Structure formats: structure tokens, C-alpha cells
Amino acid sequence: MKRVHVAAAVIRGAEGRVLIARRPDDKHQGGLWEFPGGKVEEGEAVQAALSRELEEELGIRVGAARPLIQVHHDYSDKHVLLDVWEVSDFSGEPHGAEGQPLAWASPRELGNYEFPAANKPIVAAARLPDRYLITPDDLEPQALLAGLKSALASGVRLVQLRAPRMFDAQYRDLAVDVQGLCAGRAQLMLKGPLEWLGDFPAAGWHLTAEQLRKYAPNGRPFPRERWLAASCHSIDELQLAAAMEVDFVTLSPLQATQTHPEAEPLGWGRASELLQGFNQPAYVLGGVGPADLERAWQIGAQGVAGIRAFWPEY
């Protein structure tokens, strides 16, 4: 089967908006929207190909870019590797140099556009931040809410409400308050029985590894309009998450942690191996913080997840 390597860009503009282009009607997957880019020539570095393609297609020069996600996709006649980079700085005014229509879309609006199937993980990666806050489980509700207010004020945009020691009724009451705090500011991910889904329509759901193994054979439990994530610790669990079409995962433990001192750390090398060929965004978790973002990006992760590293009171 023919193998094609494509460099593509999630180009950030004002207020975090993303530049997308519409494919010509007479081309493969014509009429659908895509992230700008093009084929990497034999012997060409990916960054060089990206810079060349964006100058040819859009008339811009790349100032700063970093890896975002790699997506492998099989078509009937070829295997495509989409090597996607986030472009955070560029010069020039983007225009459709080849006549293609362009649009600037907010991360939330990206879901309103129709993309090729291979682009779904890229859309998710473009919408997700690079940090995932998980709440501590040893705080009283008022202390947790106060800390969360501070975290949201500092720019946290993705939050998991983790409180394994709480009774179900306590967790549900707290989830109502946290959902109110996050409204319009951050995406809230809850944990718990799937029977609760209907009670928290604005929240996404983060499955435990046990839930993942239980429910994956039945496929995705709700439509794509709602965020679905899963906790993974092995290649088997990553494969289940991919089959279930989750939007993102956490991969842990990267390093030894106070939360799970008994768990054997994966280490950066093994985590990198596990993420090769995994098409969905992944946050590395366990003994990592903001200082590890660059390294996380280089091994193919969306970013870092953590409790103490992101919690204001620690």
C-alpha cells in the first residue's frame, strides 16, 4: 500500500481561533474542511515541509511551531500519516493562494464544520488545552471550590472532578457546584456511573480503566458532541480507548507519585513507545507538571495532567 506523509498545521490566531481551509470540490474529499498543509517530500524535514506548504498555500511565514499530534489513517488505496504541528506565530496575512476559501473558527466552532474522518482527532487536539487539572481528593467541598476558583482564574480550561472517597450523593452535589463554576470557562469532566450521564448534560465523562474494559465492546456510550475520556496504563487499554473512539486519554503513571506509590512508573521512553500509532490526544500523568510540557509534546502527548502540579494550594 502506498504511504503518504503529510505535514499539517493548526494555526492559532487572535483569541485562539484556528485557520481552516475548504477543499476544492473536484479533489478527493472535496467540499470538506481541512487543516492547511501538504505532502512531505522524500528526504525533507517535517518542519521544512510545513513552512514551505504554508507559504505556498497561504502566503505566510512560520515563526513558531511545535508538534501537536500524529494521526495514521488507512484509505482504500493508501496509508496516510498526518504529522500535525501547532503554529503559534507567523508573519503575513493568510489568504487562499490557490483560490481555496478560508475561515477562522473558535475551538468550540470547529465542531460545526465537516472534516474528513482522519481529521477527527486533530479537531479534538485543536480544541483541547495542554494542561488537564485533576482535583485533589482530600479536601472538604468548600476548600475544593475555593481552590478551583483560583485555578480557573489562572487559566485552567480542562478539569476532572476526582473525589473517590466521597459518597455518591456528596459527589453529585459537589458536581452541581463545580459545573456552575466551570460554565463558560472550562470543560468539566466527571467520573462515576454512566447512569448519571443524563443528570449532567454539560459535563464530559472520564472513564476509569475498569469502566473502559467493561464498556469498550459496546462502543461509544454517547454522541460526539460530548467529551469522552479514559484512564489508560497499557497498550491494551489504549487499544480499547481507540476502539471506543474516546476523545482523549490520560496515560499513567509516568513517574512515581504520592497518589499511587505502588504503581510501577512507565518512564518517558515507554510512554513514547505507547503513544506511537495512537491517534487520539493523550495527557501524560504522574509526577509531571508545567515544566514537562515541552518534553510531553516531543513524545507525542497533548500535554500534561496533574493534581499537585496545578492545584493553587500545593
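Predicted model: local features only at pLDDT ≥ 70, side-chain atom pairs only at ≥ 80, totals over all residues.
## W227 and F248

Let's start with one of those pairs. The ring centres of W227 and F248 are 6.2 Å apart, and their planes sit at 65°, so this pair counts as edge-to-face; the cut-off for that label is over 60 degrees.

Where do the two residues sit in the chain? W227 is in the loop between α5 (209-215) and β12 (228-232), while F248 belongs to strand β13 (residues 248-251), so the pair ties together parts that are 21 residues apart in sequence. Both W227 and F248 are buried.

## F248 and Y283

F248 has another ring partner to look at. With Y283, the centres are 5.6 Å apart and the planes stand at 80°, so this pair is edge-to-face too. Here strand β13 supplies F248 and strand β14 (residues 282-285) supplies Y283, so the pair ties together parts that are 35 residues apart in sequence.

How buried is this pair? F248 has 0% relative accessibility, so F248 counts as buried. Y283 also comes out at 0% relative accessibility, and therefore counts as buried.

## Charges over rings

Now for a couple of arginines. R172 lies over the face of W196, at 5.2 Å from the ring centre. R226 does this with F222: R226 lies over the ring's face, at 5.4 Å from the ring centre.

Definitions and conventions. Residues numbered from 1 in each chain as written. Heavy atoms only, no water. Phe/Tyr/Trp six-rings, centres within 6.5 Å; stacked < 30°, edge-to-face > 60°. Helix = DSSP H or I, 4+ residues; strand = E, 2+ residues; numbered from the N terminus. Buried < 20%, exposed > 50% of the residue type's maximum accessible area, 1.4 Å probe, protein only. Lys NZ or Arg CZ within 6 Å of the ring centre and 35° of its normal.
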